[in-house]
Amino acid sequence: GGGVGGGGDSRTNSGKQRRAWNDGTAVKGRMLDELDVAKRHGVSSGDDDAVVDVVDASDLDFDLDFDTTGGDDDELEFTDTTRDDAAGGAKSAVGGVWSFFQGLAGNRVLTRADVAPALEQLREHLVAKNVANEIAESVCDSVAANLDGKTMASMTTVARTVRASVEAALTRVLTPKRTIDVLRDVRAVRDEGVRPYVIVFVGVNGVGKSTSLSKIAAWLMQNQHKVLIAACDTFRAGAVEQLKVHAERLQVDLFERGYSKDAAMVAAEAIRQARENGTDVVLVDTAGRMQDNTPLMKSLAKLVSVNKPDLILFVGEALVGNEAVDQLSKFNSALVDHAPPTDTSPRCIDACFLTKFDCVDDKVGAAVSLAYTTGQPIAFVGTGQHYSDLKRLSVATVVRTLLSGQT
């Protein structure tokens, strides 16, 4: 079952004090270390679970809008290069991408030949930020189409046109063919009143599945859903204890049967208990495994086949770049190849959760490539180690980042 703890967001800039636990004792950093059973016994987590601040789910503030327009924070500041600098020279104050297009401002009608050199530089710039070459070329074609035959009086006009073109092209790539609306789907299943909504988290070792699962748990709780976490990593030492720490902090129920058990049967038992208790969502943690580990992939395929989850989330690191594309593709193949013979319609991964997205700096192109190459939507990104550091991928933010910085 769940633990006894809760807590307030302890980030110093929030102006909040650490929330007291049931006995009135404020939670200290040292106490969090004591809570971590795996750490206390010298067990390596194999995950990105550094100490996560104690959080009260009622205090969480999530930004989960799929934003294709961008607010003030997503707006680039453009400098009008028709104004020379103080020395009267022709050097522009605009750097990075915009320097490619400086020569295009003026009163002449632009042609494809005029914009070709700038677009080649833009393509190289995008590839340097981990955007696959095929996507980069598609973006450049979109920009060319919007500049061809136009007159751009100022650099500000050029920059806004280029940004709009890039945003339109990337929106087409990043907007999934089918949408993943977890809250809507959870409500639909709950309203049927027959069973809980089930999410299975899969991925290689050390990408942050436990933390990602806990962030989703906190978000669901904030949206008034009753959650059960199922500890189905029965392989890695310390995995169950790690989830216990998260469950205690979030005050959410945990179902576990220890180690060396059949993960598929543990998940089935957890789902059965959730159904009996009127739980809305079951979040199933699975053992981290490399995509070529046949025994563990067979175990995962069995878990999926037996329990028929509503959503299979692939958790991958934004930091590994295009390697995540290979990982996801091989997971999909393994799920199909190792499905039990009785399963005539093997499941594949439904969506992606990219962790450590706050650490990728300007190399966000891998996210674009992942969505484009696999056709799987990026449902969530993790942007830190607080439970509330959970976001949807904002197209406007991706565009801003891709078009920023020097090449």
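**Contacts, core and ring pairs in a predicted model**

Author: Apart from neighbours within four places in sequence, the contacts of Leu283 are Ile199, Phe201, Leu213, Ile216, Ala217, Leu220, Val227, Leu228, Ile229 and Ala230.

Reader: Which members of the largest nonpolar core touch the most other members?

Author: They are Phe101, Leu122, Val182, Leu220 and Leu283, in a core of 114 residues. Helix H5 supplies the largest share of this core, namely 9 residues.

Reader: How much of the chain is buried?

Author: Of the 407 residues in the chain, 53% are buried. The accessible surface of the chain is about 17,800 Å², and carbon and sulfur atoms account for 47% of that surface.

Reader: In what order do the strands of the open sheet lie?

Author: The 8 strands of this open sheet follow the order S3-S2-S4-S1-S5-S6-S7-S8, with mixed pairing. Strands S3 (253-256) and S8 (390-391) are called edge strands because each pairs on one side only, where a pair requires at least two bridges.

Reader: In which sense do S6 and S7 pair?

Author: S6 and S7 pair in the parallel sense, over 3 bridges. Leu354 has Val381 in S7 as its bridge partner. Helix H8 (residues 239-250) packs on the sheet and touches S2, S3 and S4, its direction making about 165° with that of S3.

Reader: What makes Phe100 and Phe101 an aromatic pair, and of which kind?

Author: Their ring centres are 6.5 Å apart and their planes make 45°.

Reader: Why is the pair of Phe314 and Phe331 called edge-to-face?

Author: The planes of these two rings stand at 65°, with the centres 5.6 Å apart, so the pair of Phe314 and Phe331 is edge-to-face. The cut-off for that class is an angle over 60 degrees.

Reader: Which parts does the pair of Phe314 and Phe331 tie together?

Author: Phe314 is in strand S5 and Phe331 in helix H11, so the pair joins parts 17 residues apart in sequence.

Reader: How do you know whether Phe314 is buried or exposed?

Author: Its relative accessibility is 1%, and the limit for buried is under 20%; Phe314 therefore counts as buried. Phe331, with a relative accessible area of 0%, is buried by that rule.

Reader: Which residues do ring pairs link into a cluster?

Author: The cluster consists of Trp219, Phe353 and Phe380.

Methods:
Residues are numbered from 1 along each chain as its sequence is written. This is a predicted model: local features need pLDDT of at least 70, side-chain atom pairs count only at pLDDT 80 or more; totals for chains, interfaces and linings use all residues. Side-chain values use heavy atoms; hydrogens and water are left out. Buried means under 20% relative accessible area, exposed over 50%, partly exposed in between (1.4 Å probe, protein chains only). Accessible areas come from the Shrake-Rupley method with a 1.4 Å probe; for residues, only the protein chains shown count as cover. A nonpolar core is a set of buried Ala, Val, Leu, Ile, Met, Phe, Trp, Tyr and Cys residues joined through side-chain atoms within 4.5 Å. Helices (H or I, at least four residues) and strands (E, at least two) are DSSP runs, numbered from the N terminus. Contact means heavy atoms within 4.5 Å. Axes are lines fitted to C-alpha atoms, for helices over the stretch in contact, and angles run from 0 to 180 degrees between N-to-C directions. Rings of Phe, Tyr and Trp (its six-membered ring) pair if their centres lie within 6.5 Å; planes under 30 degrees apart count as stacked, over 60 as edge-to-face and the rest as tilted.
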